[in-house]
Every structure is written in structure tokens, then in C-alpha cells.
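Try each task before reading its solution.

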Amino acid sequence: MIDVVEVRSLLAAHDQSHILQFWDNLSDIEKEELLKDIKSTNVPEATSYFQSSIATLEETKKLDDLMQPIPSHLYGAVSRTSSEDLELYENIGLESISNGQVGVLLLAGGQGTRLGVTYPKGMYDVGLPSHKSLYQIQAERIRKLCELAEERTGKYGTITWFIMTSEHTKEPTLEFFKKHNFFGLNKNDVILFEQGMLPCFTLDGKIILDNRSKISKAPDGNGGIYRALQDNGLLRVMETRGIKYLHAHSVDNILVKVADPIFIGYCIHKKADCGAKVVEKSSPTEALGVICSVNGKFQVVEYSEITLETAMKQDDDGKLTFRAGSICNHFFTADFLRNVATKFESDLKLHIAKKKIPFVSSNGQRCIPDKPNGIKMEKFIFDAFQFSDNLVVWEVSRDEEFSALKNSDSVGKDCPKTAIKSLYRLHKKFLEEAGGIFDGNSDCICEISPLISYAGEGLKKIINEKPLKSPVLLKKPNEPIIYGGIQNNHQG
């Protein structure tokens, strides 16, 4: 039994005594729940986070004079790399996969609220002919990549898939994977874990109650991965399994090349402890943060943190000076993750966002505000770049590797319709490069199962010089057309 006297003293010391304001009207069960909630919250740490994040907010200033672009020797690009070097990097990556040295860190803590659904975003049926979910598409890319590595090296190695969920998405995600037999992966190689939660605060620093006996909390951001790996014992799992290299990415990029062997091989070849895959910014005002050096340390600088004049700067070749658009796609060595988790995690910057957060009024009623009334705090995964001894950047084609899925179709951007079109265009390109001839040049429905091809390879023997007409769906003979997604009555 947790001592309420001790808790009262703790809360008073941090100006949070209001958390117990309904204590006398709670049932014994509610009292026990509230005390456990307080104990698990780490009030001293949370209040210090609030104070430091507010101070950081007040100190926000333009970073123009402190910024330098990524040095050219650390900034590789597919478009500037010879086919021989691309093959070298790919071979290094595939060799590491065959040796079981590669893992994937999937950032999947978000629910599909902005998509208009109430379940985890990874379970979303985007609306492809196959009706595959984001989870299934990425699982099948992992399966195919293991096959490709075995074909290249003669040795089969597994890719361990670490999936970071939140308090609200872990159980639905686990049930979804069980329902679909882990999409053909060995269930022991799919490891789900929860990111941490941080309390929500009023604008004047009071922890918000969600109801009379529960503190309002929100996930601690994708930067919570470092502490979560440590707290869940996964750094030890990596060591036991011999995993040396991790590819980290968000779940909502339909074009993501999971465990991309070229990217991994490039980072290994450069002896990097940390790598970032980027796309070239489409315009100075595109709302993508850019990776650059600030006071000699690498970081992501948001568009709002620089002036338009700096955003518009160009190199001699006409390209934007600050063009390395961050897409939440990273390489880490296991040693780097361990160092951040054990030595530097407490130094990660806190970011705050003003939100409309449900709260309990003084009479105990739960209220839904009509305007922002509090803040949520979170850490970002890229804020660990500053601790890297050797960070490298790898620029890829947006059309081939980045199409975010964040909004409903009504927004018209980063939505199911745009994601589907991006994948159709890419798969049509793969088929045309393999010798396929389409009837007409207009957009068409074109989907290739990841179990057929990871990134366009192996299609020539299937397609060469065959006439093709929309819709085109390439899949394994025993692969059902409808399999594994939650259907949402998409059009198309």
C-alpha cells in the first residue's frame, strides 16, 4: 500500500497538491488507482521537464547566423553515386542482414485520428487493390529483403522488428498481428514495446487530471524510444541477438524501404554511428525541417526557426543550401543507442505543443475545452543527432521513397489518395523499367506485392515486353487479394 501522507508531501513540494483535491470523495479502488498513477508519473522529473521546456520556448530565436550546411563529404546521394558504389553499399547491407546484424525500429505509437479512424495507424487499409495495411506492406518488405540477402550471400539471416507502440496502441497492434499470423514473420522476431507517457500540464504548470482519479498523460514522442529501449530491456536483446545496426522510421510512409540495404551499407562503409535519410526540399517554404550543423552540432532545424532569406539561400549549382529535408528515417548503431539511453537521454530537448486537453473542473466534472488550455511535452528522435561522433546524410528520391500518410482525403495532402498515387506511379515505373508496355501514358492502378519485388528487382523475367493495362496487380499465386487490412470503403 502506497502511503498517502508521503504522496501529499511529494505533491506539495512540487506545487501539485491539487491532484488529491477529490481524495475524500473517491472510493477505495479509485484512491489506490490514483496513488499508483502518481507513483508511476515521477512528479519531480515531470515538473522539471515542464520548467525546462517552458524556458526553452521562451528562449526560441532564429538560428540563421549559427547554421552551416552538412559538409559534402558527409552528404551522400543516390543521384550522385555511381552504380558500382551503390552495389558496394547494397552488398554490405545484405551481408549484414544475412549475418543477423540488422534490426528495424518502427515508430508506431500514433492512432489514426487525423485519418478519421480510432485504431493504430499501422492497421490502416490505405485503399490499394490488395487492401493491405501499412503493417502488412512493411512486414512483407522485410520478408522479401531476407530472401534477397540469402540469394546474394547464400546465408539466411533474420531481421528483428522492434515496434514502438503507445499505451493506447500496443494491445490493438498485438491482436492485429496475432490475427494475421504476424504476416508470415516469425512471431519471436516481432517485438512490441511501449513508449513512455508524460503528464499534461496547464499553461501555468499544474498537472491536469483526466478524471477525478487519473492523471492526464500523453506519449512522450518518438524521442522516447531511447528510454523505452532501456526500460524494456531491448538494448540487452540487441546484444544477445548480435544486432549491430538499426533502421528507424515512422509507420506512415507508404514508400519506405524497410531496412534499406543501400542506406545501411552506406552508413557502415562511412563508419557512421548515426545516419539520416533525407529528400531534397521542394521549395524554400516547404514545411520540412532541414538537417544542418548548428554551433558545430548536427540537428534538425524547423522552417519556423529560420528567416525566409536563409531558407532561400542557394549554392552555385542553384540548389538550396539548406535542402536536406528530414523524413524521420534514420540509421543507428546499437552502441549509439546504448550511449544515448544510458548517458544522454536526460539531456534531450523537450518540445511542447499547446492543445485542447480534457480536464476535471473544480466540481469534479470532466470538461472538453473549445480552445487550447494546456500543453503536451514530447521528445524527438532526431534530437540525439547532437551526440553523434560521425553522422552522415543520404539523400534519396522523394518519388521513390517518401509519401507520408497523415491526413484524411479532405485535406488533399499527405492523405490516402496521395499515398496511393505515389505507390502506383512508382510501381508503374518499376514495370516500365522491366520492359512492360502500358496502354496509354495516363495514371493507372498498379500494385506490386512486396513478396514479388522489394524495390523493382526481379520483374524483367515476369514482365519483359508484355502489354499492360490498368489495373495491374502482381502478387504471389497463393496470395489472397484481400488480406490483412481494416477496410474503410475507399474509392478507386
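**Exercise 1.** Find which ring Lys-428 lies over.

Solution. Lys-428 lies over the face of Phe-438, at 5.5 Å from the ring centre. The test: NZ of Lys or CZ of Arg is within 6 Å of the ring centre and within 35 degrees of the ring normal. Arg-80 lies over the face of Tyr-75, 5.3 Å from the ring centre. This is a predicted model: local features need pLDDT of at least 70, side-chain atom pairs count only at pLDDT 80 or more, and totals for chains, interfaces and linings use all residues. Residues are numbered from 1 along each chain as its sequence is written, and side-chain values use heavy atoms, with hydrogens and water left out.

**Exercise 2.** Count the aromatic pairs, then classify Tyr-226 with Phe-332.

Solution. Rings of Phe, Tyr and Trp (its six-membered ring) pair if their centres lie within 6.5 Å; planes under 30 degrees apart are stacked, over 60 edge-to-face, the rest tilted. The count is 16 aromatic pairs. Tyr-226 and Phe-332 are edge-to-face, with centres 6.2 Å apart and 75° between the planes. Both residues, Tyr-226 and Phe-332, are buried (under 20% relative accessible area; exposed is over 50%, partly exposed in between; 1.4 Å probe, protein chains only).
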